[in-house]
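Biologist: I am new to this one. Could you take me through it, step by step?

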Amino acid sequence: MEEEDMVFAFFLLSCRLIFLSVFIITLSDLECDYINVRSCCSKLNKLIGHTIVTVLMLILLHWFIFLLNLPIATWNIY
């Protein structure tokens, strides 16, 4: 395995861990009644939909569209 492949695998793993941690934090906020069900669903749907599209653009090597979607995806994750 080359160094570039290892860096890419590490990048994908770290993105997955960040995504899962945001998902778990949102669900724990729902459990503790910090947010209501409707806002939880809207956050997770927006996060899941936009993140999947951004990762697909990265995997399919559509660099320009990926770079256009990256600021919006980071805003949704933030």
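Modeller: Gladly. Keep in mind that this is a predicted model.

Biologist: Which residues is T26 in contact with, leaving aside its neighbours within four places in sequence?

Modeller: T26 lies in helix α1. Helix α1 covers residues 3-31, and helix α2 covers residues 37-59. Leaving aside neighbours within four places in sequence, the contacts of T26 are I35, C40, K43 and L44.

Biologist: How are α1 and α2 oriented, roughly parallel or roughly antiparallel?

Modeller: Two packed helices are described by the angle between their axes and the distance between the axes. Here the axes of α1 and α2 are 10 Å apart, and the angle is about 170°. An angle over 145 degrees counts as roughly antiparallel. Therefore α1 and α2 are roughly antiparallel.

Biologist: How do the residues of the contact of α1 with α2 divide into nonpolar, polar and charged?

Modeller: On the α1 side, the residues include F8, F11, F19 and F23. On the α2 side, they include V37, L44, L47 and I48, and K43 also takes part. The division is 13 nonpolar, 2 polar and 1 charged.

Biologist: Is C40 buried or exposed?

Modeller: C40 is among the α2 residues that meet α1. Its relative accessibility is 3%. That value is under 20%, so C40 counts as buried.

Biologist: How many disulfides does the count come to?

Modeller: The sulfur of C41 has its closest cysteine sulfur in C40, 5.5 Å away. A disulfide needs the two sulfur atoms within 2.5 Å, so this pair is too far for a bond. The count of disulfides comes to 0.

Biologist: And what does C41 count as, by relative accessibility?

Modeller: The relative accessibility of C41 is 39%.

Biologist: Which residues does N69 touch, not counting residues up to four places away in sequence?

Modeller: N69 is in helix α3, residues 63-77. At 15% relative accessibility, N69 counts as buried. Not counting residues up to four places away in sequence, N69 touches H50, V53, T54 and M57.

Biologist: Where is D33 found, and what is its phi?

Modeller: D33 counts as exposed, at 66% relative accessibility. D33 is found in the loop between α1 and α2. D33 is not a glycine, yet its phi is positive, at about 65°.

Biologist: Is L61 buried or exposed?

Modeller: L61 is found in the loop between α2 and α3. L61 is not a glycine, and it has a positive phi of about 65°. Its relative accessible area is 53%, over the 50% cut-off, so L61 is exposed.

Biologist: Which residues does UniProt list for "transmembrane region", and how far apart are the end C-alpha atoms of residues 47-68?

Modeller: The unreviewed UniProt entry lists residues 6-27 and 47-68. Residues 6-27 are 100% helix and 0% strand, with end C-alpha atoms 32 Å apart. Residues 47-68 are 86% helix and 0% strand, and their end C-alpha atoms lie apart by 16 Å.

Biologist: How far apart in space are A9 and N76, C-alpha to C-alpha?

Modeller: A9 lies in helix α1. A9 is partly exposed, with a relative accessible area of 38%. In sequence, A9 and N76 are 67 residues apart; in space, C-alpha to C-alpha, they are apart by 23 Å.

Key. Residues numbered from 1 in each chain as written. Predicted model: local features only at pLDDT ≥ 70, side-chain atom pairs only at ≥ 80, totals over all residues. Heavy atoms only, no water. Axes fitted to C-alpha atoms, helices over the stretch in contact; angles between N-to-C directions. Helix = DSSP H or I, 4+ residues; strand = E, 2+ residues; numbered from the N terminus. Parallel < 35°, antiparallel > 145°, perpendicular 65-115°, else oblique. Contact = heavy atoms within 4.5 Å. Nonpolar A, V, L, I, M, F, W, Y, C, P; charged D, E, K, R; others polar. Buried < 20%, exposed > 50% of the residue type's maximum accessible area, 1.4 Å probe, protein only. UniProt positions renumbered as here; feature names shortened; annotations may be inferred.
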